[in-house]
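Trainee: I am new to this structure. Can you show me how to read its features, one at a time?

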Amino acid sequence: MGCCSSTCVDDDLIEPNERTRLLNEDENLNDDNNQNFHMISQLREQEKLNQIVQKTAENLIDISNIRTFDQLQSQDIIERTREYQEIIVRCENQNNDLKEKINKLPGISNNNKSFYDNVNGFATIINTSIKTEDKSQMSNIINEIQDSLNDIKIEDVGEFVITFE
Amino acid sequence: MENQFENTIQKYSSMENVKGILVTDNNGLCLGSKGNIKSNSAAYVSSLINRATEISLDSSKPIISIDTDNTNFLISSENDITVALAKQKMNN
(Lines give C-alpha, C1' and ligand atoms only; values in the text may rest on other atoms or scores of the structure.)
Protein backbone atom coordinates (compact mmCIF):
# COMPACT_ATOMS: atom_id res chain seq x y z
CA MET A 1 0.00 0.00 0.00
CA GLY A 2 2.77 2.39 0.78
CA CYS A 3 4.38 3.97 3.70
CA CYS A 4 4.23 7.44 4.75
CA SER A 5 6.59 8.45 7.43
CA SER A 6 5.89 11.39 9.58
CA THR A 7 7.04 12.84 12.78
CA CYS A 8 5.53 14.96 15.37
CA VAL A 9 7.15 18.31 15.27
CA ASP A 10 6.34 21.21 17.39
CA ASP A 11 5.14 24.13 15.47
CA ASP A 12 7.44 26.57 17.16
CA LEU A 13 10.52 24.56 16.31
CA ILE A 14 12.70 25.89 13.63
CA GLU A 15 13.19 23.74 10.66
CA PRO A 16 16.54 21.99 11.18
CA ASN A 17 19.39 23.09 9.11
CA GLU A 18 23.10 22.39 9.08
CA ARG A 19 23.61 24.42 12.26
CA THR A 20 20.93 22.72 14.26
CA ARG A 21 22.27 20.77 17.23
CA LEU A 22 22.04 17.15 16.79
CA LEU A 23 21.72 16.52 20.45
CA ASN A 24 19.42 18.59 22.48
CA GLU A 25 20.81 20.15 25.59
CA ASP A 26 18.58 18.25 27.84
CA GLU A 27 19.88 15.07 26.43
CA ASN A 28 23.64 15.75 27.46
CA LEU A 29 23.50 13.56 30.45
CA ASN A 30 27.37 12.55 30.26
CA ASP A 31 28.90 16.03 30.01
CA ASP A 32 30.55 15.86 33.40
CA ASN A 33 32.08 12.53 32.58
CA ASN A 34 33.46 13.90 29.39
CA GLN A 35 35.11 16.75 31.19
CA ASN A 36 36.61 14.42 33.72
CA PHE A 37 37.89 12.17 31.00
CA HIS A 38 39.42 15.12 29.23
CA MET A 39 41.16 16.24 32.40
CA ILE A 40 42.43 12.80 33.14
CA SER A 41 43.86 12.41 29.67
CA GLN A 42 45.52 15.79 29.94
CA LEU A 43 47.01 14.85 33.26
CA ARG A 44 48.30 11.61 31.89
CA GLU A 45 49.77 13.34 28.91
CA GLN A 46 51.46 15.87 31.15
CA GLU A 47 52.79 13.12 33.33
CA LYS A 48 54.24 11.30 30.37
CA LEU A 49 55.88 14.46 29.11
CA ASN A 50 57.36 15.07 32.52
CA GLN A 51 58.80 11.58 32.53
CA ILE A 52 60.42 12.16 29.17
CA VAL A 53 61.89 15.45 30.30
CA GLN A 54 63.23 13.92 33.48
CA LYS A 55 64.83 11.02 31.62
CA THR A 56 66.45 13.39 29.20
CA ALA A 57 67.75 15.56 32.00
CA GLU A 58 69.34 12.55 33.67
CA ASN A 59 71.15 11.54 30.51
CA LEU A 60 72.09 15.03 29.50
CA ILE A 61 75.83 15.80 29.28
CA ASP A 62 76.36 19.45 29.67
CA ILE A 63 79.38 20.52 27.66
CA SER A 64 78.73 24.19 27.78
CA ASN A 65 81.41 24.64 30.47
CA ILE A 66 84.08 22.38 29.02
CA ARG A 67 85.41 24.99 26.67
CA THR A 68 86.11 27.30 29.54
CA PHE A 69 87.91 24.51 31.46
CA ASP A 70 89.98 23.44 28.43
CA GLN A 71 91.50 26.76 27.87
CA LEU A 72 95.08 26.65 29.02
CA GLN A 73 96.20 29.22 31.40
CA SER A 74 99.24 31.20 30.42
CA GLN A 75 101.27 29.48 33.11
CA ASP A 76 100.36 26.08 31.72
CA ILE A 77 101.39 27.20 28.26
CA ILE A 78 104.81 28.26 29.49
CA GLU A 79 105.31 25.02 31.38
CA ARG A 80 104.30 22.85 28.43
CA THR A 81 106.56 24.78 26.11
CA ARG A 82 109.47 24.16 28.46
CA GLU A 83 108.71 20.43 28.65
CA TYR A 84 108.51 20.09 24.88
CA GLN A 85 111.78 21.90 24.42
CA GLU A 86 113.46 19.54 26.85
CA ILE A 87 112.14 16.56 24.91
CA ILE A 88 113.41 18.04 21.65
CA VAL A 89 116.88 18.62 23.11
CA ARG A 90 116.95 15.06 24.44
CA CYS A 91 116.06 13.68 21.00
CA GLU A 92 118.77 15.76 19.38
CA ASN A 93 121.36 14.43 21.81
CA GLN A 94 120.32 10.86 21.03
CA ASN A 95 120.63 11.67 17.36
CA ASN A 96 124.16 12.95 17.93
CA ASP A 97 125.07 9.76 19.80
CA LEU A 98 123.83 7.71 16.87
CA LYS A 99 125.86 9.79 14.46
CA GLU A 100 129.00 9.24 16.52
CA LYS A 101 128.43 5.50 16.56
CA ILE A 102 127.91 5.43 12.81
CA ASN A 103 131.12 7.36 12.31
CA LYS A 104 133.02 4.75 14.30
CA LEU A 105 131.91 1.92 12.04
CA PRO A 106 134.87 0.41 10.18
CA GLY A 107 135.23 1.40 6.57
CA ILE A 108 132.54 4.04 6.76
CA SER A 109 134.38 6.65 8.76
CA ASN A 110 135.67 10.00 7.66
CA ASN A 111 139.17 8.57 7.66
CA ASN A 112 138.35 6.31 4.75
CA LYS A 113 136.67 8.72 2.44
CA SER A 114 138.01 6.94 -0.58
CA PHE A 115 136.05 3.84 0.41
CA TYR A 116 132.58 5.30 0.47
CA ASP A 117 130.53 7.52 -1.70
CA ASN A 118 127.24 9.21 -1.12
CA VAL A 119 124.83 8.26 -3.85
CA ASN A 120 121.23 9.38 -3.53
CA GLY A 121 121.71 9.84 0.18
CA PHE A 122 122.93 6.29 0.76
CA ALA A 123 126.54 5.66 1.79
CA THR A 124 127.96 2.84 -0.25
CA ILE A 125 131.31 1.14 0.01
CA ILE A 126 133.13 1.28 -3.29
CA ASN A 127 134.99 -1.98 -3.97
CA THR A 128 138.55 -0.94 -4.61
CA SER A 129 140.36 -3.29 -6.91
CA ILE A 130 143.16 -5.42 -5.50
CA LYS A 131 146.55 -4.05 -6.34
CA THR A 132 148.52 -5.82 -9.02
CA GLU A 133 151.49 -6.20 -6.71
CA ASP A 134 149.31 -7.92 -4.14
CA LYS A 135 148.01 -10.31 -6.78
CA SER A 136 151.51 -11.17 -7.95
CA GLN A 137 152.68 -11.56 -4.36
CA MET A 138 149.88 -14.01 -3.62
CA SER A 139 150.65 -15.95 -6.76
CA ASN A 140 154.33 -16.19 -5.84
CA ILE A 141 153.51 -17.33 -2.33
CA ILE A 142 151.19 -20.05 -3.57
CA ASN A 143 153.69 -21.29 -6.14
CA GLU A 144 156.48 -21.46 -3.60
CA ILE A 145 154.32 -23.25 -1.06
CA GLN A 146 153.23 -25.75 -3.68
CA ASP A 147 156.83 -26.44 -4.61
CA SER A 148 157.72 -26.98 -0.98
CA LEU A 149 154.77 -29.35 -0.54
CA ASN A 150 155.77 -31.27 -3.64
CA ASP A 151 159.25 -31.62 -2.19
CA ILE A 152 157.95 -33.45 0.84
CA LYS A 153 159.36 -36.94 0.47
CA ILE A 154 157.90 -39.82 2.34
CA GLU A 155 160.70 -41.67 4.01
CA ASP A 156 160.57 -45.42 4.18
CA VAL A 157 160.74 -46.28 7.86
CA GLY A 158 160.13 -49.98 7.36
CA GLU A 159 157.21 -52.13 8.31
CA PHE A 160 154.42 -50.11 9.76
CA VAL A 161 152.56 -53.07 11.21
CA ILE A 162 154.66 -55.34 13.33
CA THR A 163 153.35 -58.76 14.20
CA PHE A 164 154.15 -60.25 17.52
CA GLU A 165 155.23 -63.81 17.25
CA MET B 1 160.49 -33.77 5.88
CA GLU B 2 158.30 -30.66 5.85
CA ASN B 3 161.13 -28.33 6.76
CA GLN B 4 161.08 -26.56 3.47
CA PHE B 5 157.37 -25.92 3.77
CA GLU B 6 157.80 -24.59 7.31
CA ASN B 7 160.63 -22.34 6.21
CA THR B 8 158.55 -20.96 3.36
CA ILE B 9 155.62 -19.92 5.51
CA GLN B 10 158.01 -18.61 8.18
CA LYS B 11 159.69 -16.46 5.57
CA TYR B 12 156.47 -14.89 4.39
CA SER B 13 155.04 -14.36 7.85
CA SER B 14 158.20 -12.43 8.75
CA MET B 15 157.86 -10.03 5.84
CA GLU B 16 157.24 -6.37 6.41
CA ASN B 17 153.56 -5.48 7.02
CA VAL B 18 152.57 -9.17 7.14
CA LYS B 19 150.74 -10.09 10.34
CA GLY B 20 150.02 -13.71 9.56
CA ILE B 21 149.72 -16.45 6.94
CA LEU B 22 147.53 -19.54 6.67
CA VAL B 23 147.78 -22.42 4.21
CA THR B 24 144.93 -24.83 3.71
CA ASP B 25 143.77 -27.36 1.17
CA ASN B 26 140.42 -27.19 -0.61
CA ASN B 27 138.78 -29.31 2.10
CA GLY B 28 139.60 -26.84 4.84
CA LEU B 29 142.46 -28.85 6.32
CA CYS B 30 145.04 -26.50 7.79
CA LEU B 31 148.47 -27.31 6.37
CA GLY B 32 150.27 -24.60 8.29
CA SER B 33 149.80 -21.20 9.89
CA LYS B 34 152.00 -18.50 11.33
CA GLY B 35 151.31 -15.20 13.02
CA ASN B 36 147.94 -13.74 13.93
CA ILE B 37 145.80 -16.03 11.79
CA LYS B 38 144.55 -18.97 13.83
CA SER B 39 144.64 -22.47 12.41
CA ASN B 40 140.93 -22.99 13.15
CA SER B 41 140.17 -20.31 10.54
CA ALA B 42 141.24 -22.72 7.80
CA ALA B 43 137.73 -24.06 7.24
CA TYR B 44 136.30 -20.55 6.86
CA VAL B 45 139.04 -19.51 4.47
CA SER B 46 138.52 -22.58 2.32
CA SER B 47 134.77 -22.11 2.33
CA LEU B 48 135.05 -18.46 1.32
CA ILE B 49 137.22 -19.17 -1.67
CA ASN B 50 134.98 -22.06 -2.74
CA ARG B 51 131.89 -19.84 -2.59
CA ALA B 52 133.67 -17.07 -4.48
CA THR B 53 134.68 -19.57 -7.17
CA GLU B 54 131.06 -20.69 -7.55
CA ILE B 55 129.77 -17.20 -8.10
CA SER B 56 132.59 -15.97 -10.30
CA LEU B 57 131.44 -15.29 -13.83
CA ASP B 58 134.48 -16.72 -15.57
CA SER B 59 136.78 -19.65 -14.94
CA SER B 60 139.53 -17.52 -13.41
CA LYS B 61 140.29 -18.04 -9.76
CA PRO B 62 139.02 -15.16 -7.63
CA ILE B 63 141.09 -13.28 -5.08
CA ILE B 64 139.20 -12.22 -1.97
CA SER B 65 140.13 -9.07 -0.11
CA ILE B 66 138.63 -8.44 3.33
CA ASP B 67 139.18 -5.02 4.85
CA THR B 68 138.94 -4.17 8.51
CA ASP B 69 140.06 -1.05 10.33
CA ASN B 70 143.67 -2.20 10.70
CA THR B 71 144.04 -5.35 8.62
CA ASN B 72 143.69 -6.39 5.03
CA PHE B 73 143.13 -10.11 4.42
CA LEU B 74 143.99 -11.50 1.00
CA ILE B 75 142.78 -14.99 0.12
CA SER B 76 143.77 -16.76 -3.05
CA SER B 77 143.72 -20.34 -4.30
CA GLU B 78 145.53 -22.29 -6.96
CA ASN B 79 145.79 -26.02 -7.61
CA ASP B 80 143.92 -27.05 -4.47
CA ILE B 81 146.08 -24.88 -2.21
CA THR B 82 144.52 -21.85 -0.54
CA VAL B 83 146.62 -19.14 1.09
CA ALA B 84 145.32 -16.42 3.38
CA LEU B 85 147.63 -13.48 4.05
CA ALA B 86 146.96 -10.91 6.76
CA LYS B 87 148.67 -7.60 6.07
CA GLN B 88 148.92 -4.48 8.15
CA LYS B 89 146.66 -1.89 6.58
CA MET B 90 148.32 1.30 5.46
CA ASN B 91 146.28 4.26 6.77
CA ASN B 92 145.67 6.80 3.97
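Mentor: Start with a lining. By class, the second largest pocket is lined by 9 nonpolar, 3 polar and 2 charged residues. Keep in mind that this is a predicted model.

Trainee: How many residues line the second largest pocket, and which lie nearest its centre?

Mentor: The lining has 14 residues. Nearest the centre are Ile37(B), Ser41(B), Val45(B), Phe73(B) and Ala84(B).

Trainee: Which helix and strands of chain B each supply at least two residues of that lining?

Mentor: Helix 2 (42–55) does, along with strand 4 (71–78) and strand 5 (81–88).

Trainee: How much space lies in the second largest pocket?

Mentor: First the idea. Rolling a probe the size of a water molecule over the atoms shows where empty space is left. Here, the second largest pocket holds about 190 Å³.

Trainee: Which residues in chain A lose the most area to chain B?

Mentor: Met138(A), Ile142(A) and Ile145(A). Together they make up 25% of what the chain A side buries.

Trainee: What about charges? How many salt bridges are there between chain A and chain B?

Mentor: The idea comes first again. Side chains of opposite charge can pair when their charged atoms come close. Between chain A and chain B the count is 2 salt bridges. Over all chains, the structure holds 5.

Trainee: Where does the salt bridge of Lys87(B) and Asp134(A) run from and to?

Mentor: The side chains of Lys87(B) and Asp134(A) meet at 2.9 Å, N to O. This pair crosses between chains: Lys87(B) sits in strand 5 of chain B, and Asp134(A) in helix 4 (residues 132–150) of chain A. Glu144(A) and Lys11(B) also form a salt bridge, at 2.6 Å, N to O.

Notes: Residues are numbered from 1 along each chain as its sequence is written. Chains are lettered from A and ligands numbered from 1 in the order in which they are written. This is a predicted model: local features need pLDDT of at least 70, side-chain atom pairs count only at pLDDT 80 or more; totals for chains, interfaces and linings use all residues. Side-chain values use heavy atoms; hydrogens and water are left out. Buried area is the accessible area (1.4 Å probe) that two parts lose on being put together, summed over both. A salt bridge is a side-chain nitrogen of Lys or Arg within 4 Å of a carboxyl oxygen of Asp or Glu. On a 1 Å grid over the protein atoms alone, a cavity is a set of points where a 1.4 Å probe fits but cannot get out, and a pocket is an open set with protein on both sides within 12 Å along at least five of seven lines; lining residues have an atom within 4 Å of a point. Grid points are joined across faces, edges and corners, and a volume is the space filled by probe spheres set on the points. Helices (H or I, at least four residues) and strands (E, at least two) are DSSP runs, numbered from the N terminus. Ala, Val, Leu, Ile, Met, Phe, Trp, Tyr, Cys and Pro count as nonpolar, Asp, Glu, Lys and Arg as charged, and the others, Gly among them, as polar.
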